[in-house]
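This report looks at a few individual residues and their surroundings. The sequence and structure are shown first.

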Amino acid sequence: MSPGKVLQPVLKLKVDELFLCWLSQPATQLILKDCLRRIKNEEKTEIGSGDSGNGKNERFSNKNSNSKQCILGDTRLPLSFSPPQLSTTLPLATPASARNTSNVRATRRSSGTRVVQTKKEETLPPSLSQNIPTFYFPRGCPKEKVNIDAVIAKIERTFSEFPNERATLEDMGKVAKACECPLYWKGPLFYCAGGERTGYVSVHKFVAMWRKILQTCYDDAAKFVHLLMNPGCNYLVQEDFIPFLQDVVNSHPGLSFLKEASEFHSRYITTVIQRIFYTVNRSWSGKITCNELRKSNFLQNVALLEEEADINQLTEYFSYEHFYVIYCKFWELDTDHDLYIDRKDLARHNDHAISNRMIERIFSGAVTRGRKAQKDGKISYADFVWFLISEEDKKTPTSIEYWFRCMDLDGDGALSMYELEYFYEEQCQKLDNMAIEPLPFEDCLCQMLDLVKPQYEGKITLHDLKRCKLTNVFFDTFFNIEKYLDHEQKDQFSMLRDGEGESQEISDWERYAAEEYDILVAEEAAGDPWNDGYEAELDPVDHQKANVLKYQMEKRPFFEMPSHLADVDLDEYDYEEDFE
């Protein structure tokens with residue numbers, strides 16, 4: 001067992017064990033056979049009551065006919081009661097009266113028990129005794145042919161190559177291969193075995209840790225979650241990915257230029273973590289489970305880190321170019337450079353294309369984590385990552401859910417006509433200011449209903465939007481004026497062709513990131529200051545830091561970071577709050 005992990009008892013297994021032990025005793029078998037015989041012969045049985053109980057049942061049955069009149073409620077007086085007599089004092093209950101009352105209650109219980117037992121015998125099917133095979137495997141389906149001892153022997157041979165049979169983080173690549181894991185599992189393997197405390201991992205600690213994982217986790221998703229999770233958890237939170245991604249930054253050849261620019265490590269790691277949760281955490285819970293990880297392609301991308309030396313080819317999670325674009329867009333809006341932006345800052349995105357009503361909804365907490373957006377009126381860089389990806393690619397499941405949450409004002413799970421009109425009103429005002437005659441809401445509504453084809457009349461559900469292939473047109477119509485006008489200039493057939501081209505090689509986000517990257521590189525090549533007058537404030541030390549990022553400029557001009565980024569004060573960046 002790895003250090004720090006606590007064993008937890010499984011109560012149900014212990015109860016089942018005790019029950020089987022009791023059931024297998026000879027005395028228990030005799031009692032059960034006798035009870036079954038009595039039930040089959042329609043005899044009344046009360047376990048633990050003995051002969052006295054049977055005698056009482058017989059007496060109750062003999063008086064059953066006399067008491068039925070009282071039970072069923074006849075208009076006549078019960079035969080077992082004497083007529084009441086007038087008296088000046090309150091009469092006491094007679095012994096006969098007390099006995100008759102108890103007889104009535106006992107008769108009810110006796111007859112009722114008999115009927116229930118008879119019905120149970122009739123409805124018990126013999127098939128219930130058959131064993132149902134296990135069909136739920138939260139940690140993966142066990143494999144029949146797994147020779148754990150052979151795997152452990154291979155790991156021990158690998159450790160024998162290291163001094164004192166101790167492996168450092170640099171040696172864990174060979175150990176990961178001995179465990180038949182991808183290369184970049186080396187960091188999680190090292191930290192799970194306690195390597196962060198001593199700087200090395202002994203063969204005994206590692207073998208004990210890996211043997212337990214092989215015995216309890218049967219697929220890669222369960223193993224990966226076990227390696228990264230905190231003790232007592234069965235899921236991953238955002239902080240759990242930090243050591244793993246820091247090892248990727250330190251050792252991947254495509255990120256070697258960042259070794260001398262450690263101030264950008266936290267920004268890159270934050271971006272990758274947000275992209276992981278954006279794609280993998282489909283439940284929006286902030287906790288990635290084995291099942292969510294199993295359904296995603298994240299582990300396949302982790303395996304590709306070993307094969308692909310160019311980190312920018314892994315566009316779904318690890319691309320440094322995508323981080324560059326996101327961070328530059330955020331920096332343009334963050335005028336005071338405290339790594340938080342308010343409503344006015346976000347409204348300036350893409351030349352005020354997003355409506356103010358949608359900006360208010362983003363800051364309402366509908367799509368942000370933590371309370372800072374509602375309390376202080378600011379969102380962090382981590383929140384901006386979700387916003388930008390959702391804004392530039394409105395066809396993915398997460399982006400559709402993102403904007404649906406924003407437009408669903410009352411949170412009833414459906415977009416009503418009132419909610420659509422609420423957002424369209426501001427679009428009409430912007431069109432009036434641009435001297436463009438807006439389409440009446442009734443006509444616009446007809447177009448959108450024809451576009452989405454909702455299942456139920458009068459409302460649009462999340463399921464309706466996920467079935468629609470032109471969700472970007474739907475959302476842009478109600479809160480992005482620039483893209484709305486672009487869609488209006490296209491003919492309907494071209495939009496349908498774009499929507500049906502789901503098998504396109506690159507997504508809308510990848511296309512946007514590539515275009516913005518080219519623009520940023522062209523601006524740097526032209527020597528234009530990225531932010532007004534900010535480049536002139538750099539001192540020689542800052543220039544030296546910026547020059548580190550000019551990694552092979554002739555081959556990879558992308559890695560020339562904007563020079564003013566080197567002036568970021570990391571002490572002002574509250575990294576913890578990005579993971580609330």
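## Basis

Helices here are DSSP runs of H or I with at least four residues, and they are numbered from the N terminus. The model is predicted.

## Glu391

By that definition, Glu391 belongs to helix α20, which covers residues 381–392. Glu391 counts as buried because its relative accessibility is 1%, and the cut-off for buried is under 20%.

The side chain of Glu391 forms a polar contact with the side chain of Asn480, at 2.5 Å. Apart from neighbours within four places in sequence, the residues in contact with Glu391 are His349, Ile354, Trp403, Phe479, Asn480 and Lys483.

## Positive phi: Trp284

Most residues other than glycine have a negative phi. Trp284, a residue other than glycine, has a positive value, near 60 degrees.

Trp284 is located in the loop between α13 (265–280) and β4 (288–289). Is Trp284 buried or exposed? Trp284 counts as buried, because its relative accessibility is 13%.

## Positive phi: Ala435

Ala435 is not a glycine either, and its phi is positive, at about 60 degrees. The loop that holds Ala435 runs between α22 (417–433) and α23 (441–452).

With a relative accessibility of 72%, Ala435 counts as exposed, since the cut-off for exposed is over 50%. Thus Trp284 is a buried loop residue with a positive phi, whereas Ala435 is an exposed loop residue with a positive phi.

Definitions and conventions. Residues numbered from 1 in each chain as written. Predicted model: local features only at pLDDT ≥ 70, side-chain atom pairs only at ≥ 80, totals over all residues. Heavy atoms only, no water. Helix = DSSP H or I, 4+ residues; strand = E, 2+ residues; numbered from the N terminus. Buried < 20%, exposed > 50% of the residue type's maximum accessible area, 1.4 Å probe, protein only. Polar contact = N/O pair within 3.5 Å; in protein donor to acceptor, adjacent residues only side chain to side chain. Contact = heavy atoms within 4.5 Å.
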